[in-house]
Amino acid sequence: MMSIRGILVLLTFLLGACATPTAAVDLTIRSNGCIPATVIIPPEREPILTIRNTTADAMVVSIPTMDRWVEVAPGADSVLELPRYIMGSFDLFCLTAADHSALGGDNPFLCVLEPAELMPVARSAGMLVIEPHNRIREILGQ
């Protein structure tokens, strides 16, 4: 006969096994900025950045040299689609949506801010590395 403790352990295990898995994210926004400091997208993966905002504020992730940024609501997840054929290393900044807007960076079509403008107000600065890939062959028909 199973003890109460044994039943509780079994129940905890079964409930954990049935729980919805947490979606994997590339970048987590915390109150002091984004982690990890460097995000690497391997060649076999689609060029998207998955982001989770764990703060109570709307936050922005900006990649100025790509002219890309995304605002992520408090406690929400978001996906930032990156140019399909680009590769290399890019500065990545995390800052509050209020600071981003105050800098004039709320253009919905492109990121008009430069790294030098973002650095003083960013909660963190990091790197996005898109490893070399062969997606360009899609255009060349190879």
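The model is predicted. The chain holds 4 helices and 9 strands, and buried residues account for 33% of its 142 residues. A search of the whole structure returns 3 salt bridges.

**Overall architecture**

- Read from the N terminus, the order of elements is α-β-β-β-β-β-β-β-β-α-α-β-α.
- Among contacts with a separation of 6 or more, 69% are between residues 24 or more positions apart.
- The accessible surface of the chain is about 8500 Å², and carbon and sulfur atoms contribute 61% of that surface.

**Salt bridge D26–R45**

- The side chains of D26 and R45 form a salt bridge with an N to O distance of 2.7 Å.
- This pair connects distant parts of the chain, 19 residues apart: D26 is in the loop between α1 (4-18) and β1 (27-30), and R45 is in the loop between β3 (38-41) and β4.
- D26 counts as buried because its relative accessibility is 17%, under the 20% limit.
- R45, with a relative accessible area of 25%, is partly exposed.

**Salt bridge E46–R84**

- E46 and R84 are joined by a salt bridge in which the closest N and O atoms are 2.3 Å apart.
- The two residues lie 38 residues apart and link distant parts of the chain, with E46 in the loop between β3 and β4 and R84 in the loop between β7 (77-81) and β8 (88-96).
- Both partners count as partly exposed, E46 at 42% relative accessibility and R84 at 26%.

**Salt bridge R52–D77**

- R52 and D77 meet through their side chains in a salt bridge of 2.8 Å, N to O.
- D77 is partly exposed, its relative accessible area being 45%.

- T55 is located in the loop between β4 (48-53) and β5 (59-63).
- With a relative accessibility of 10%, T55 counts as buried.
- The T55 side chain has a polar contact of 2.7 Å with the side chain of N53.
- Leaving aside residues up to four places away in sequence, T55 touches I29, R30, S31, P74 and G75.

**Nonpolar surface patch**

- Y85, I136, I139 and L140 make up a nonpolar patch on the surface, and their accessible area together is about 380 Å².
- I136 counts as partly exposed, at 37% relative accessibility.

Technical notes
Residues numbered from 1 in each chain as written. Predicted model: local features only at pLDDT ≥ 70, side-chain atom pairs only at ≥ 80, totals over all residues. Heavy atoms only, no water. Buried < 20%, exposed > 50% of the residue type's maximum accessible area, 1.4 Å probe, protein only. Polar contact = N/O pair within 3.5 Å; in protein donor to acceptor, adjacent residues only side chain to side chain. Contact = heavy atoms within 4.5 Å. Patch = residues over 30% accessible without salt bridge, like charges linked within 9 Å, V, L, I, M, F, W, Y side chains within 5 Å. Areas by Shrake-Rupley, 256 points an atom, 1.4 Å probe, with all protein chains shown as cover. Salt bridge = Lys/Arg side-chain N within 4 Å of Asp/Glu carboxyl O.
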